[in-house]
Amino acid sequence: MISVHNITSIAKYEITTLLRSWFFRIFAIFAIVVLFFFNLATQIFDGGGGPGNVNIKVLPSIIPYVNLILLNTVQAIIAIFLASDFLKRDKKLDTTDVIYIRSMSNGEYVAGKTIGNLVVFIILNLIILSEALIFNLIAEDVAVNWIAYLNYFLIISLPTLIFILGLSFFVMSILKNQAITFILLLGYVAITIFYLNTKYYFLFDYMAYSIPLLKSDFIGFGNIQAILIHRGMYACFGVGFIFLTISLLKRLPQSPFSNKVTLIPALIFFAAGIWLGEKHVSTFVRNQNLREDIRTLNDANQTVPRLKVTGYQIDLIHTGDKLEVTAKLKVTNPHQEAVNDFVFSLNPGLNVSKVRYNGQEIAVKRELHLIEFSGTKLEPGETAELEFDYSGTLNEAASYLDVDDKTLQEAYKAFMFQIDKRSAIVSPDFVLLTRECNWYPIAGTSFGKQSKQWAQKQFSNFEVSVKTKPGLTVVSQGKSEQKDGTFRFTNKHNLPQISLVIGNYTEKTDTIDGLAFNLYVHPEHDYFTKFFEPVKDTIPDLIASALKDYERKIDMFYPFERFTLVEVPAQFYSYPRTLIGEREQVQPETILFPEKGLLIPESDFNGSVKRMERWGGRGSDVQSTPEEKKIMAFNNFLSMFTQAAARPDINRSQGELQIEEKANPLYCFPLFYNHAYFVQSDKWPITDRIFEAYLRQSSESGAMGFMRDMQGMTENEQANLALLDYSFAELLDDPSKVKIIDNVIQLKGQSLFSIIKRKAGDEAFNDFMFNFLKSIKFNSTTIGDFNTRIQQQFNTDLLPYMEKWFRSKDLPGYLIGGLSAVNVLDGDRLKTMVKFRISNTEKTEGIVLAQFRLGEGGGPGRGRFGGGGANMETIDKLLYLEGNQTKEVSYLLDGTPRNITINTLASRNIPAELRLPFGNVEQDTKAVPYEGEKVLDSPVRLVEKGEFICDDEDSTFRFTRTEDYSLLQKLLIKDDQSPDRFIGFNTWHAPRTWRATTNSSFFGKFIRSAHYIRSGDGNKKAIWSIPIKGQGTYEVFSYIVKIRQGRRENQDVAGEYTYTINHSEGKEEVVVDLKTAEDGWNSLGSFYFSGDTVKVELGNKSVAKVVVADAVKLVKQ
Amino acid sequence: MYKIKSDVLRPNFLKVKITIENLNKVYSNGNQALKDINLEINNGMFGLLGPNGAGKSSLMRILVTLMQPSSGKVIMNGYDLTKDREKIRSMLGYLPQDFRFFSHLKTYEFLDYAARLAGMRDTRLRKQAVDKMLEEVGLFEARDRQANKLSGGMKRRLGIAQALINDPKIIIVDEPTTGLDPEERIRFRNLLSTISTQDVIIILSTHIVGDISSSCTDMALLNEGGLAFTGSPDELVVKAEGKVWLIQATEEEYLEINEKYPVISNVPTSEGWEIQVVADSINGYSGHNIAPNLEHAYVYFMESKLNQWTAI
């Protein structure tokens, strides 16, 4: 019999002992204090002046989640120490003997000790949770999700503790040395966090650090079964280890066999753990295999002709976690030949029970997701009616087949927590279906490595009727009618796809400017109505004018009759893709908005206003009334939908600032183009995206300057570098390039359309485009059709050009010189005339975009963060250059620009955007006002006659590569190991070896780069070797750019550079004081050189934080 | 010696008895700690005497189920030591030789912990028992002090207290009086003597002869893992009769005698030295036999066994 008395006795005194141990006390106090400040900062106020961190407060369940994740990560390590301590104590204390001789079983003893350890941690967890709860209760604008406090404790802390206690006991029993046990287990922890992290759907994540645990107010946990299996597995292994520890305990058991007897439960628990683990892994592997099988099957069927579906009538019944659907499809054969065999795709989780062809039940073959029709003849143009009866739920593994496994497995990490990634949801109280999950039959195959049919949109007329649980609201596209508990949706025009959302919603509708606006929110998530009450009459105007502004910006009209914003669970996730421009959050006439605006700072209205108040106090905004601030907050929210880029991910990993440019999944552009138009090309499936890229380019601002500074290269520049090595066609097929593929498409699209534009003229081409789109609205057309129209109107054949454009690896490269800006009198008006020469020295033609910013403002950090930056006037001029052509261009501007930015678009130039300052623009009375361009014979020259230059990009430039790191430094400091060719320029965290960085003001042909290094003892040298012709006296110049960082723009950089010049009479050191140095070429003096090469060195010794090595020039005298 | 048939007098009496048969212990390093020990221990105080390294601690650790014997059999109150540990452990009270390091517990907590594990479930009764025991060993004033911070003697007393809590039937104490001052030592002996009048076995291992002479009814002498003597202390003393001599010696003789015989005591006198030696005879020296005590007997026994010493 197990004696509870003994167990509680041991536990009681183990608890007493542990609570008195300094190690635990220090840790507990540390945790309590750290989390106190964490909660204070995140729940009560944050540095930005807002009321706490919106990411944490937006869903109340996040508060206990984040608190426990933080605590758990540390306690999982502390537990190792404390657990191994109990066996160490037993060994060390001579008083242990008198406990060991007491009548209790080893099981009772170990159980007591385990419970003691566990209880101590549970006490700490309770303290931390109470602390979080107190803040939760005090904090504004956030409810308390009581049950989540319990949920997360049971899911995060308990299994982690049981597992790590068991494992620590076990390892300690085997190794009998606390230090080795601790180090070994720390290694294990590190491996699970850094290497095994996301493998097999977070299989190794014992501390629940990465497994997504966010709880939605709509659907709760996104993956409850996986979580329970995962956490159950660790709990089982933990208990198994504890039983194993019992049989390994160095104490004679109560009865001779009990050591062996405890092996039985140990084995049972291990078996249970393995079983759960296997279940976890097999689900994962099965899904992975299924995805591969589907792709293979799609490729095998890619030549099967695809029917066109002209109409859908979908009747859906939603009961529990099942769907029952009857889908009637009107199909036609769009091909020139008769079709006998064809296929439809339908999510493999849905079982097809009956298929009727023109009312006749027929047998079809179901293979994975495919429904295969054979011997069903359809003549060209012939129509037929297909009817499918199917039921079941959705297998999400069949979604996003074009997304690679690695991306699929990546954690959806937000702030400090993880969110599950769902592509479709069917639960008793909530349903969310989009085309991606293939919930209705779609003609043809889905994604395969070769098969691209799925990306080609068909426009069909959709009619949907849905029956669901009483109390739930159904949202889909079209006009909605509700009768006898059935929701019916009908559409006046075709749509490329439809979505379906069923949930408990509060509905708000309004008609603004003839457009029906519908808003569906969770009944408890209306945090905005009260907030906007004082300005509610203004809201419709704000929406209307935001819409008009955007329409003007992209020069397209909103194509639908209504706009619906639906709040959906936070777990709903989409991936950026190569062949499809829209994200699943944006559906025809609908945007699926993450619940309560999770991770969308603009939806934190209250916080926005508070921040404005805080910042307003310092700036000029003091005068704004509370109402005006609310209006600003709302405008800010609206502008979020019209920004292509989301906030970049900035994180400091391994000492290096990593910035990832991210696309905004809620960007509304797809509503204007992707869901209303489609240009098809079987040969080049990317064609539609080229159109999309062309049409949306006008809405996107250039690269963000500050990001470039930190990161070294923009994604556009990375795209350009990639285009030098690979053709467009190759890049499209390379999954590793998916990050920059949008930039590539954009760049390539710009150059394609600029060809036509140049021939047609801007205005004429814009009109043509407008009419073309109007004619294909809610229908698709082919690139052939587009080309025919182009040929008719502009007499240009695009198709042969496209062929080359896909395969070519050539890029233009530009040299710019002779920049001048003067004020001239044009008639009686004073204008600014900007002149420069530009050469394209490569054989491929290209275009550049010259941008002038007039007036003040427009400093770094404008654009998105400044709330659109719409008040800044910019003038854009497109300039076309043939291969090997030089032009002199002159522009007359009404205002005085501060600088010119020459965006070289697709080119070899890095930086791709050259920002060139004018200095003071003075009036020139003699200058003749002129606007235009003329072709010059002689190209822009970098090197004049008699000059010899060595740039840091030249092969003769070298630098000392010293390896003076200790082993520890190598392990810990990784700042110099970034594989990127160019890194950002950062004086506070400069590299320890010479690294290249780029900037418009550096010297260079296409690549304006310099090498820079952290100042040191002078041993790390940059060495230029300049070949000269003939001995003699040369004047030596060094190109010096004083880069100022941050707010101290006006402050001069203090410090000096020490150059060593090896001339015929020896070495001479020349010190250049940065304070007196000019930006550009600085003379280092004249020297006599006798050899054929001159060596100039620059050491890294300086008072300045960094030393920059750019170019050295010799001028013969 | 006359013994009362206790079970006749007290019907509830559970006769306690330990039988040890052919007990051997060989450590994994080959060291044979115990050789064929055969012993019967009955109620009362049983003294286990022997020099350091004789195997006393090994025997005790086996008896308190901390260590498995290599061979042999021990029956305690009818229970087999290797099979019925649960029963045996519930009868035990044990004070090991080293008893210094405690986890972070206070004096009364440690005793309460021991009392709980000794099977005292009733909180109220246990509290009473713990308080009473603390009084008895004179630690009541120190009940709230950290056990680790107690003086050596107090720790010892705490050790005794935990060994005696909940009236164990078999009390095994290993070198209990080391580190105690003489007063404490006497108190402790008296405490054990009092308890030994109840129906318990107290096994007292010691290398201090005085501990045994004053309290034990039976004893065993262990040497090099083997049993050198079993019986009552009186029987041991008898064996040394006629072997203990008091010699009056000059300075010169004293040095000589010191070389030849084990000297038990030496007192300087006006003429030289008054020396007690253990020997079969003292040829040539002026002296006479005196009545041996246990210490003499122990020395006599150990010397004769160790050195195969015979009288000159």
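Mentor: Two strands pair if DSSP finds at least two bridges between them. Helices (H or I, at least four residues) and strands (E, at least two) are DSSP runs, numbered from the N terminus. This is a predicted model, where local features need pLDDT of at least 70, side-chain atom pairs count only at pLDDT 80 or more, and totals for chains, interfaces and linings use all residues. Residues are numbered from 1 along each chain as its sequence is written, while chains are lettered from A and ligands numbered from 1 in the order in which they are written.

Trainee: In what sense do β16 and β19 of chain A pair, and which residue stands opposite A:E463?
Mentor: β16 covers residues 461-467 and β19 covers 486-490 of chain A. They are joined over 5 bridges, in the antiparallel sense.

Trainee: Which strands are the edges of the open sheet with 8 strands?
Mentor: Its order in chain A is β7-β6-β10-β4-β3-β16-β19-β18, with mixed pairing. An edge strand here pairs on one side only, and in chain A those are β7 (360-362) and β18 (479-483).

Trainee: How many bridges join β17(A) to β20 of chain A?
Mentor: These two run antiparallel, with β20 spanning residues 500-503. A:S476 stands opposite A:L500 in β20(A). The bridge count is 4.
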